[in-house]
Number of protein chains: 2
Amino acid sequence: MAQDHQDTTHQGMEKAGPGKGAADQATLLSNQLCFSIYSAAHLFNRTYKPLLDRLGLTYPQYLVMLVLWSGDGLTVKAIGEQLDLDSGTLTPLLKRLEAAGLVSRQRDPQNERLVRVTLTGAGRALQDHLGTVQQAILCATGLNLDGLKALKVQVDELRAGLAANLGPADQDG
Amino acid sequence: MAQDHQDTTHQGMEKAGPGKGAADQATLLSNQLCFSIYSAAHLFNRTYKPLLDRLGLTYPQYLVMLVLWSGDGLTVKAIGEQLDLDSGTLTPLLKRLEAAGLVSRQRDPQNERLVRVTLTGAGRALQDHLGTVQQAILCATGLNLDGLKALKVQVDELRAGLAANLGPADQDG
DNA sequence: CACCAACGAATTGCGCGCAATCTATTTGCG
DNA sequence: CGCAAATAGATTGCGCGCAATTCGTTGGTG
């Protein structure tokens, strides 16, 4: 389980002099927060892995299945918009899901540019294991309902902030 | 900027009957929280990219440099413990940093199993850009000091919970 | 000393994640 | 209609992240 990285303060800032402690603390914290998120994402991935291995899915594949379980026959683009992934990631992933017999991919006859992704019987059947996986994840977080709510709200605020600064802020130097 | 995933409730659970709404809500939330973290990590990565591109670093490489700036001459294993990465990830990464002239890698004469990673002059010089990058990231989060603090505390609680359930909880089916 | 387990790093293989490029289809406009 | 722009996917290349394996070194034991 690696280490307790929480308290380490190795994320420098030696340049700043005294008198502006709050700003320093904020830059330090944003730096550490980023690592915490990065690390938490990996921990989630490792937590999911043994659960999803039994279903023959990776976590990103599982996300795609979640999207399809909630709305079948979507295009690659529509799936990508829900998960914030592009065709460079989705095309090979979907091919693997197709090779596994979980989905089928076919061009839309009305518009040959679109590829519609449809669940097979096996793909639909996998949904039965959804509850088991989700409950195991809930348990692994060690959080209660309030903790989950509070955290998700704040992470989503962060996401909104980061997303807002992606399009516009591209000031070159 | 993808989409606003916050409110979508596509993460199923049709199986559960009525009367246990709280438990359902918790499993749903843990599922959504995981996606939020996954998505936030990617957004952070995209936010860092244009900043780090100018330094010729990727975000994981930047993390390694942060570790070395705070303590030079570490072994691969020590770096891996701080970042929760293994040699399969670090060895090629460090080779790229070495090829870029930022670090040098050499076996410890006292113990030939260890590889010590040392900053070069160019590697040390890169530290000058640290403040600029960190301030840009702080700005991009859109959070203030209190928001950063609160979020980091909660993410670290989550990390602790997930880490605690990684070693022990491996109940096979 | 010989041997074997432990250790640290390197290597291999695979699946993302994303930028950049390419192809095919569709749409729009004269 | 004819042709350019837009659109949707596919492809390529590269760098993680991690499991599994291999290799060389070290330490402990008989």
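Which side chains meet in a salt bridge with Asp84(B) as one partner? In this predicted model, the side chain of Asp84(B) is joined to that of Arg46(A), with a distance of 2.9 Å from N to O. The pair crosses between chains: Asp84(B) lies in the loop between helix 3 and helix 4 (87-99) of chain B, whereas Arg46(A) belongs to helix 1 of chain A. A salt bridge is likewise found between the side chains of Asp84(A) and Arg46(B), again at 2.9 Å, N to O. Across the interface of chain B and chain A, the count of salt bridges is two. Over all chains, a search of the whole structure gives 14 salt bridges.

The interface between the two chains was then examined as a whole. In chain B, 79 residues are in contact with 79 residues of chain A. Together the chains bury about 8000 Å² between them, and carbon and sulfur atoms account for 65% of this area. Of the area that chain B buries against chain A, 9% is supplied by Lys152(B), Arg159(B) and Leu162(B), more than by any other three residues.

Polar contacts were also counted. Twelve residue pairs are in polar contact between chain B and chain A, with both residues of each pair at pLDDT 80 or more. Five helices of chain B each supply at least two residues of the side that touches chain A, namely helix 1, helix 2, helix 3 (76-83), helix 6 (130-141) and helix 7 (145-164). Helix 1 of chain B gives the largest share of this side, with 23 residues. When the side of chain B that touches chain A is divided by class, 40 residues are nonpolar, 27 are polar and twelve are charged.

The largest pocket has a volume of about 350 Å³. Its lining is made up of 17 residues, of which Ala41(A), His42(A), Tyr38(B), Ala41(B) and His42(B) are the closest to the centre. Both chains take part in this lining: two or more residues come from each of helix 1 (21-53) and helix 2 (59-70) of chain A, and from each of helix 1 (21-53) and helix 2 (59-70) of chain B. The largest share, seven residues, is given by helix 1 of chain A. By class, the lining of the largest pocket holds 13 nonpolar residues and four polar residues, and no charged residue is found in it.

Conventions: Residues numbered from 1 in each chain as written. Chains lettered and ligands numbered in written order. Predicted model: local features only at pLDDT ≥ 70, side-chain atom pairs only at ≥ 80, totals over all residues. Heavy atoms only, no water. 1 Å grid on protein atoms, 1.4 Å probe; cavity = no way out; pocket = protein on both sides within 12 Å on 5 of 7 lines; lining within 4 Å. Points joined across faces, edges and corners; volume = space filled by probe spheres on them. Helix = DSSP H or I, 4+ residues; strand = E, 2+ residues; numbered from the N terminus. Nonpolar A, V, L, I, M, F, W, Y, C, P; charged D, E, K, R; others polar. Contact = heavy atoms within 4.5 Å. Buried area = accessible area lost by both parts, 1.4 Å probe. Salt bridge = Lys/Arg side-chain N within 4 Å of Asp/Glu carboxyl O. Polar contact = N/O pair within 3.5 Å; in protein donor to acceptor, adjacent residues only side chain to side chain.
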